[in-house]
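Here are a few friendly notes to read alongside the model. Keep the 3D view open and find each part as you go.

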Amino acid sequence: MTQIIVIGAGPSGLTAAIAAARQGASVTVLEKMEKPGRKLLITGNGRCNLTNTLPAEAAYRGADQAFVRQVLGRFGVQDTMDFFHGLGLLTRERAGYVYPYTDQAGSVLELLLLELRRLKVKMKYNENVRQILRTDEGFQVRTDTWSYPCSKVILCAGGKAAPQTGSDGSGYELALSCGHSLTPIYPALVPLKAEGPLPRMLSGTRTQAALALEIDGRICCRETGELQWTDYGVSGIVVFQLSRFLPAALSEKKRPVLHIDQMPEYSRDELVEMLARRRSLCPEQGAEELLAGFMKKKTIAAFVKLTGKKVCQERGQAFADAAAAFLKDLTVTVTGTKDFDMAQVCAGGVPEKEVSPETLESRKMPGLYLAGELLDVDGICGGYNLQWAWSSGYTAGSSAAAALGAWGF
Ligand SMILES: Cc1cc2nc3c(=O)[nH]c(=O)nc-3n(C[C@H](O)[C@H](O)[C@H](O)COP(=O)(O)OP(=O)(O)OC[C@H]3O[C@@H](n4cnc5c(N)ncnc54)[C@H](O)[C@@H]3O)c2cc1C
């Protein structure tokens, strides 16, 4: 009989299996898809931003920050680097963001699988786990076709972001069936839907911008980076970082407003002065020509359409004021987020208080361990979510193996 069953061959499950097998446990991984690590392969646009060496404070959201610190304290960034270097992975760092040297997520997955093979971990694919049953000897893990007896179970089935990769939320159902509860689940690190004609007018353009998110008249978050306009709203990493604050506000029927500064390097006064000077130097030019060096063509067209011909025909100050306002504080009302299929992670999950921070063993069903995105922990972009998967997976795997008695039960 296999001693430990790991459910899910994503980053947390593969790490848990390695950690447990390195301590001598016999381990079987059950994965519902035909191949392992489907989501891992698309991380970081296929390059896999596997961790981040910059401090993780404020990088994680979820109910209990102390819990996250404790787990990262047990297996943190340096342990992760050592772990991957030990597997033979060379890495490269760009401003704290760590990638495989090959810039291919496939290298990370391949080395994890080689280690699992070396440790003789059994990998079973197309095994969709339907039930985890408590028995006198331990557990029975039932899939569509088989029933696996074991002593310990590590549930690493992920959340429901990008369900096409396999994590379709069935892990939540399994956790509920074992006596756990769930905090509300929302798509996070996700594009935003916005009201009004601007998104359609600017769709396809990208701009370096400083964003400020206003909820209830208060700025709750600021981010700077490349903003991408789409026909439904806005996207890009800079938007993903803000997206975590929206589901709660939207569910309370609030109307969050995004303030977009499209030229953060210049003050409004500087812009007004430059625009007014151009206006006086080239009085014969229309708005499109005057703005050609300041805005992209689509942005000029939107400015002209939305502010009206009158402002554009004004001489001097009125034109400069209107154009500077458009550039420095363009506002859109956010009406929603895109769905889980476009989200990178899930916010919410099994509450931290329902598992031990030392071992990640369930407080509801001893012998069951939980790791990865299934728990109510989510990070900002930058490698923090994979770091959580490695840290929680390794902790759960080594704890489950350590808890096996002298007779292997
Ligand atoms: C497009 C995209 C890009 C991303 N880029 C990055 C990045 O660069 N850096 C970063 O830190 N994070 C990134 N993330 C987030 C990161 O991929 C996840 O946080 C991480 O994969 C979570 O790992 P996990 O093991 O908990 O879950 P998952 O990776 O979701 O793995 C869960 C596994 O469990 C399997 N499973 C589910 N239910 C069952 C069942 N009932 N029976 C058997 N198997 C089951 C699934 O098929 C899946 O293989 C990205 C996410 C996406 C979608």
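This is a predicted model: local features need pLDDT of at least 70, side-chain atom pairs count only at pLDDT 80 or more; totals for chains, interfaces and linings use all residues.

1. Now try the rule on a pair of helices. The axes of H10 (residues 268-281) and H13 (residues 317-328) cross at roughly 135° and come within 8 Å. H10 and H13 are therefore oblique to each other. Their crossing is right-handed.

2. Which residues make this contact? From H10 come Arg268, Leu271, Val272, Leu275, Ala276 and Arg279. H13 contributes residues including Phe319, Ala320, Ala324 and Leu327. Sorted by class, the contact has 9 nonpolar, 1 polar and 4 charged residues.

3. Next, the ligand. There are 39 residues around the ligand, and Gly8, Gly10, Gly158, Gly166 and Gly372 come nearest. By class, this shell has 17 nonpolar, 17 polar and 5 charged residues. Helices H1 (11-22), H2 (38-42), H6 (170-177) and H14 (384-402) each supply at least two of the shell's residues.

4. Finally, look for an open sheet of 3 strands, in the order E3-E6-E5, with antiparallel pairing. Strands E3 (51-52) and E5 (91-94) are at the edges with a single partner strand each, so one side of each has no neighbour in the sheet. E5 and E6 (residues 97-100) run antiparallel and are joined by 4 bridges.

Definitions and conventions
Residues are numbered from 1 along each chain as its sequence is written. Axes are lines fitted to C-alpha atoms, for helices over the stretch in contact, and angles run from 0 to 180 degrees between N-to-C directions. Angles under 35 degrees count as roughly parallel, over 145 as roughly antiparallel, 65 to 115 as roughly perpendicular and the rest as oblique. A crossing is left-handed if the near helix is turned anticlockwise from the far one by less than a right angle, and right-handed if clockwise. Two residues are in contact if their C-beta atoms, placed from the backbone, lie within 7 Å. Ala, Val, Leu, Ile, Met, Phe, Trp, Tyr, Cys and Pro count as nonpolar, Asp, Glu, Lys and Arg as charged, and the others, Gly among them, as polar. A residue is near a molecule or strand if its C-beta atom, placed from the backbone, lies within 6 Å of it. Two strands pair if DSSP finds at least two bridges between them.
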